[in-house]
Amino acid sequence: MIYADDRENEKLLHKLFMSGGNRKVDPKGDVMVKRLPHGDYQIGEWLIEAKEINDLYRSILGIGRNGRTINHQLAEMCEVCEEPFLAIYGTQLKPYFKGRKPKAAEMSREIARMHRVIKSFKMTVYSHFPKLRVIEFATMDAHRPTIIGSYGCAGNHRRNRRGSA
């Protein structure tokens, strides 16, 4: 069974239902949506926190709906789970400028800043969370088959830190 958090992206949930079936409407479905205390997905013993690259940036800085940082989320996941994952998807950084359109130079500086912040986070993530595995995907659509494909595999084999079998 794949459990998906009820706060997860609607588009992604719909695609998961299309691939794995919705347990709520089909007893043979592999996907069930419910409120998860940690992570965005639970597959067997695995907890997966999924972050779009721009959401990751905001979460590193603590900008978001509840002010929690990714470090808080990962620390909690690592406390309750032996096999936590961070799945990062997307590659296009999109700076946000409230209420105005920035000039090209300002946009370029902000994108460079975003790259530096994310790179610094990635360089230190394993020292802070040794049992965490980080996997990256070019798009949200590339992320979905991994979740569906992992169903049935969770706990049956170990993955290395980079996410390959």
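**View 1. Ala87 stands opposite Ile135 in S6.** S5 and S6 run parallel here, paired over five bridges, where pairing takes at least two DSSP bridges between two strands. Getting from S5 to S6, the chain goes through H4, and this β-α-β crossover is right-handed; that is, with the strands pointing away from the viewer, the path from the first strand over the helix to the second runs clockwise. Strand and helix names follow DSSP runs numbered from the N terminus (strands, E, at least two residues; helices, H or I, at least four). Keep in mind that this is a predicted model, with local features needing pLDDT of at least 70 and side-chain atom pairs pLDDT 80 or more, while totals for chains, interfaces and linings use all residues. Residues are numbered from 1 along each chain as its sequence is written, and side-chain values use heavy atoms, leaving out hydrogens and water.

**View 2. Six strands make an open, mixed sheet in the order S2-S1-S3-S4-S5-S6.** S2 (31–34) and S6 (133–137) sit at the edges with a single partner strand each, so one side of each has no neighbour in the sheet. On average, neighbouring strands are turned by 25 degrees against each other, direction ignored. Further in, S4 (residues 46–52) pairs with S5 (residues 83–89) in the parallel sense over seven bridges, and Ala50 stands opposite Ala87.

View 3. As for S6, four of its five residues are buried, so the rest of the structure largely encloses it; buried means under 20% relative accessible area with a 1.4 Å probe, protein chains only.

View 4. Setting aside neighbours within four places in sequence, Leu86 contacts (heavy atoms within 4.5 Å) residues including Ile70, Leu74, Phe121 and Ile135.

**View 5. H2 has buried residues that pack against S4, H3, S5 and H4.** Those buried residues are Ile53, Asn54, Leu56, Tyr57, Ser59 and Ile60. At the start of H2, a side-chain oxygen of Glu52 comes within 2.9 Å of the backbone nitrogen of Asn54. Just after the helix, Gly62 takes a positive phi of about 80 degrees.

**View 6. Thr69 lies in the loop between H2 and H3.** At 15% relative accessibility, Thr69 counts as buried. Its side chain makes a 2.8 Å polar contact with that of His72. A polar contact is a pair of N or O atoms within 3.5 Å; within protein, one must be able to donate a hydrogen and the other to accept it, and residues adjacent in sequence count only if both atoms are side-chain atoms. Beyond four places in sequence, Thr69 touches Ser59, Ile60 and Gly62.

Definitions and conventions
Axes are lines fitted to C-alpha atoms, for helices over the stretch in contact, and angles run from 0 to 180 degrees between N-to-C directions. Buried means under 20% relative accessible area, exposed over 50%, partly exposed in between (1.4 Å probe, protein chains only).
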